[in-house]
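Trainee: I would like to go through this structure with you. Could we look at the model and take the questions one at a time?

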Amino acid sequence: MLNVELLSDRLARASLQRRRNRETERQERIFNDKLRTIGVDKESLDMQIKEKKKQEEAAKEEQNAHDADMLQNSKLACLLHSRQVKEKKAMERAIVNYRHQYQQPWSQQEYDLNDPDRCRKTEQGDAWMMPPSLVGEDPDSKNRQQRQREQLREWLNQQQSDRAAERHQQKLEEQHYDQKRVEMDNKALQLQSIELERRKAAATATKEYNLAKIEEKGQQGKLAGVDDEPILGMVGVPGLCPSSDRRAPPESPQQIIQFQKDQIEEKKRIEFEKKQEQEQHDRVCAESARTALLLERQQARLKKQIRQHLDSTNIKLALTRKEQKPDIERGHIDDSFFSKFNTCSR
C-alpha cells in the first residue's frame, strides 16, 4: 500500500516543529549568560510594556473623545435651555401686552357693554366704598351663617334618623334570624323524636316477630314429634311406606341459642387471633428497629476508627515528607536541590 500523508498530519507536524524551534531558541536565549538579565526574558517584558502603553494610550484617547462629546452635548443642552427660557419670557410678555390692550376691566361681562364708560361716569359718592381695612366684607354674613347652621342642623338630624332606622332594621333582622333558628332547632328536635319513635316501634315489631317465629317453630317441633310416634309404630305394617319428606326438622330455641353462643365464641377467637398477630407484628417491628439502631451505631464506630487511622497515617506521611524535604530556611540544601533548575525554559 502507498503511504499517503494527510493534510492534517502534515500541518500538525509543522506546528510541532515550529514549537520545538521556538523552544530551542528560547532556551538558547535564556540559558545564555550574556543575553539574559538575572534569568528574565527582557525582550518579552519590553514587548509586554509596549503593548500595555499602547492599550493605555488607546483607552486615554477613547476617554478624551468621550469627554469631548459630553462637553459638546452639555453646551447644546445649555443653548437649548436658554432659548426655551427666552421664548417663554417673550410669550409671557406678549400675553401681558394683549391683556393691557384688549382685556380692560370695563370690557368685562360685569360692566355694561352698551356703556363701557359707566364706571368712569359714576360719581364718587354714589359708588359702594369699602374701608381699606375691611376689603371684601360681606354685609349679609350673619344671615348666611345662620342659614348654614340651620342646614347643618337639618343634616345632622337626618343622619341621626337614618342611623336610628338602620339600627332598628338590623335589630329586627337579628330577631327574625333568632326566631328562624329557634324554629329550625325545634323542628330538628321534633324530627329526631319521630325518628327515635319509629326506630323503637320497628325494633319492638322485629322483636315480636322473632318471638312469634320462635313460638311457631316450637309448636311445629312438638307437632312433628307427635306425628312421628305413629309413624315409628307403623314401620312393619304391610301396605304402608315411610314418609318421603327428607327436610331437616325445625330448629328449637335451645339450638338457636347454642348457635348464637357458638358464633360469639368464634368471633372472640378471631379477635384474639388478630390481637396476637398485631402483637407479634409490633414485636417484630421493635426488634427490627433495635437491630437497625445497633447496626447504625456499629457503622458509626467503624467510621470513627477508620478516620482516626487515616489521620494518623496522614500525620506520619507529613512527618516523613518534612524529613525528606530540604530545610531551605535553615540553610541545609543538598546538590539534588540545584539539579532541578535549568531543565526547561519555562
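Trainee: Is Leu152 buried, partly exposed or exposed?
Mentor: This is a predicted model, and the answer rests on computed accessibility. Leu152 has a relative accessibility of 47%. Buried means under 20% and exposed means over 50%, so at 47% Leu152 counts as partly exposed.

Trainee: Which residues make a nonpolar surface patch with Leu152?
Mentor: Leu152 lies in helix α4, which covers residues 141–233. The patch has an area of about 320 Å². Besides Leu152, the residues that make it are Trp155 and Leu156.

Trainee: What percentage of the residues in the protein chain is buried?
Mentor: A residue counts as buried under 20% relative accessible area. The protein chain has 346 residues. The buried share of these residues is 1%.

Trainee: How many disulfides are there?
Mentor: The rule asks for a pair of cysteine sulfur atoms within 2.5 Å. On accessibility, Cys78 counts as exposed at 54%, and Cys285 is partly exposed with a relative accessible area of 39%. By the distance rule, the count of disulfides is zero.

Trainee: Which residues form the positive surface patch that includes Arg22?
Mentor: Arg22 is found in helix α1, residues 7–31. Arg22 counts as exposed because its relative accessibility is 52%, and exposed means over 50%. The positive surface patch is formed by Arg22 together with Arg18, Arg19 and Arg20.

Trainee: How many salt bridges does the structure hold?
Mentor: The test is a side-chain nitrogen of Lys or Arg within 4 Å of a carboxyl oxygen of Asp or Glu. One of the pairs is Arg269 and Glu273. The number of salt bridges in the structure is six.

Trainee: What is the N to O distance between Arg198 and Glu195?
Mentor: Arg198 and Glu195 are three residues apart in helix α4, so about one helical turn separates them. Arg198 is partly exposed at 48%, and Glu195 is partly exposed at 29%. Their side chains meet in a salt bridge with an N to O distance of 2.4 Å.

Trainee: Why are Arg269 and Glu273 separated by about one helical turn, and in which helix?
Mentor: The side chains of Arg269 and Glu273 meet in a salt bridge at 2.7 Å, N to O. Arg269 counts as partly exposed at 39% relative accessibility, and Glu273 is partly exposed with a relative accessible area of 36%. The separation is about one helical turn because the two are four residues apart in a helix covering residues 253–324, namely α5.

Trainee: Is Arg307 buried, partly exposed or exposed?
Mentor: Arg307 meets Asp311 in a side-chain salt bridge at 3.6 Å, N to O. Arg307 has a relative accessible area of 52%, and the cut-off for exposed is over 50%, so Arg307 is exposed.

Trainee: How far along helix α5 is Arg307 from Asp311, in helical turns?
Mentor: Arg307 and Asp311 are four residues apart in helix α5. Their separation is therefore about one helical turn.

Trainee: What distance separates the C-alpha atoms of Gln219 and Ser252?
Mentor: Gln219 is found in helix α4, and at 52% relative accessibility Gln219 counts as exposed. Gln219 and Ser252 are 33 residues apart along the chain. The distance between their C-alpha atoms is 9.5 Å.

How values were computed:
Residues numbered from 1 in each chain as written. Predicted model: local features only at pLDDT ≥ 70, side-chain atom pairs only at ≥ 80, totals over all residues. Heavy atoms only, no water. Patch = residues over 30% accessible without salt bridge, like charges linked within 9 Å, V, L, I, M, F, W, Y side chains within 5 Å. Areas by Shrake-Rupley, 256 points an atom, 1.4 Å probe, with all protein chains shown as cover. Buried < 20%, exposed > 50% of the residue type's maximum accessible area, 1.4 Å probe, protein only. Lys, Arg positive; Asp, Glu negative; His and termini not counted. Charge placed at Lys NZ, Arg CZ, Asp CG, Glu CD.
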